[in-house]
Structures are given as structure tokens and as C-alpha cells.
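Biologist: I'd like to go through this fold with you. Can you put the model up?

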Amino acid sequence: MKKSYYLLGSVLAVVLLGTVLFSGCTRSSGSTGGSAINSNSSQSQSGSAAQTATAQPSTSSSAAKATVNDGIQIVTTTLDRGIYDPIIVQTGIPVKWTITANDGDLNSCNNKMLIRSYGVEQKLLVGENVVEFTPTKTGTINYSCWMGMVGSTITVVDDINQ
Ligand SMILES: [Cu+2]
């Protein structure tokens with residue numbers, strides 16, 4: 001008798017865990033779903049998050065392009081729940097990529113991104129997160145969340161101004 005309770009308990013735990021992880025990774029799973037994750041109603045706003053207020057419409061097809069300035073290239077994106085933005089950078093110039101994460105758009109899925117080709121493991125927090133690496137050859141690099149479920153691309157070109 002006791003044994004079956006243990007079994008039931010562990011089955012429930014697995015199902016619950018799976019649900020939490022999976023719902024974090026799906027694109028727009030009905031907004032009422034994630035009550036387990038966001039039990040925060042009174043968190044202070046991080047100051048700089050408001051600067052980039054709705055600058056870009058969410059056209060996931062158009063990649064954010066870097067701007068070269070004083071030997072570095074700057075690119076800026078805003079994190080969404082289930083989408084990572086594609087970016088375009090130039091080879092041979094250090095990239096300074098600022099990812100703005102707003103409170104509520106971070107979850108257990110997208111809160112850490114990996115650019116495996118460049119050994120980047122970036123924890124994402126509310127506010128501005130700066131990712132730095134220097135692309136060394138042209139082509140397309142994949143990057144993803146730590147689970148490999150949400151993914152996108154970094155296109156490396158010869159000349160960003162072309
Ligand atoms: Cu994920």
C-alpha cells in the first residue's frame with residue numbers, strides 16, 4: 001500500500017517538472033499556463049529596461065544588424081519568451097551584443113543561452129545582458145537556450161555595410 005503512494009508521488013513529480021520545463025519553451029502557450037513560475041507580483045523594475053520601449057515590431061524574420069563603432073560592433077536585441085532573435089555581425093571585429101530582458105519574459109528555458117562555436121554560456125537576467133565574442137569566419141552560427149529547444153542564428157558576413 002505504502003509503496004504505491006511513493007510511486008504515485010514520483011510520477012506526479014516527473015509530470016509536474018516536465019510541464020514546467022516544457023511550458024517555458026513553447027512559443028505562446030496560453031497566457032494563463034505559467035502560474036507556477038511567476039509568483040512575483042511586487043518586484044522592483046530594473047532601471048535601464050525602459051529605454052528600449054517597443055522600438056522594434058516583432059518581425060522575427062528580420063535580423064538585428066550590428067553597427068561598427070570604434071573597433072567594436074554593437075548589436076541590440078530584446079528577449080521574448082519563446083524566441084531568440086537572429087543577428088548579423090561582421091567577421092574579425094569584437095561583438096558587443098546587448099540583450100535586454102524584461103521582467104516576465106525570462107523563464108527556466110530561455111534564461112541561459114549558449115553559443116557553442118565560441119564557447120559562450122550567457123546567463124540572462126532582467127535588465128541588460130552583454131554578450132561578447134569575436135567572430136573569426138563568415139557563415140552561420142547556431143545558438144540556443146541551454147536545453148537546445150529555443151534556437152536562432154548569428155550570421156557572420158565579410159562586410160556589414162554591404
Ligand atoms: Cu530551453
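Modeller: Here it is, and note that this is a predicted model. One term before the sheets: two strands count as paired if DSSP finds at least two bridges between them.

Biologist: Fine. What is the strand order in the open sheet of four strands?

Modeller: The order is β2-β3-β5-β8, and the pairing is mixed.

Biologist: Which are the edge strands?

Modeller: Those are β2, residues 67-69, and β8, residues 127-133; each of them pairs on one side only. From one strand to the next, the twist averages 25°.

Biologist: How many bridges join β5 to β8?

Modeller: Seven, with β5 covering residues 95-101, and the two strands run antiparallel. As for a residue pair, lysine 96 is opposite glutamate 132 of β8.

Biologist: Remind me, how do strands of a sheet pair?

Modeller: Through backbone hydrogen bonds, in either a parallel or an antiparallel way.

Biologist: Now β9. How many bridges join β9 to β10?

Modeller: Six; β10 spans residues 151-157 and the two run antiparallel. Glycine 139 has valine 156 in β10 as its bridge partner.

Biologist: And the hairpin of β9 and β10, how many residues lie between the strands?

Modeller: Five, and in that hairpin glycine 148 has a positive phi near 80°.

Biologist: How many bridges join β6 to β9?

Modeller: Two, between residues 112-115 of β6 and residues 139-145 of β9, again antiparallel. Methionine 113 has cysteine 145 of β9 as its bridge partner.

Biologist: Stepping back, how many helices and strands are there in the protein?

Modeller: One helix and 10 strands. Along the sequence, the pattern is α-β-β-β-β-β-β-β-β-β-β.

Biologist: Which residues touch the most other members of the largest nonpolar core?

Modeller: Val75, Ile87, Val89 and Trp97, out of 18 residues in that core. The elements giving two or more residues to this core are β4 (87-90), β5, β9 and β10. The largest share, four residues, comes from β5.

Biologist: What is isoleucine 87 in contact with, leaving aside its neighbours within four places in sequence?

Modeller: Ala63, Ala64, Ala66, Val75, Thr77, Trp97 and Ile154.

Biologist: Last one: among contacts between residues at least 6 apart in sequence, what share joins residues at least 24 apart?

Modeller: In this protein, 58% of them do.

How values were computed:
Residues numbered from 1 in each chain as written. Predicted model: local features only at pLDDT ≥ 70, side-chain atom pairs only at ≥ 80, totals over all residues. Axes fitted to C-alpha atoms, helices over the stretch in contact; angles between N-to-C directions. Contact = placed C-beta atoms within 7 Å. Core = buried A, V, L, I, M, F, W, Y, C linked by C-beta atoms within 7 Å. Buried ≥ 20, exposed ≤ 12 C-beta atoms within 10 Å, placed from the backbone.
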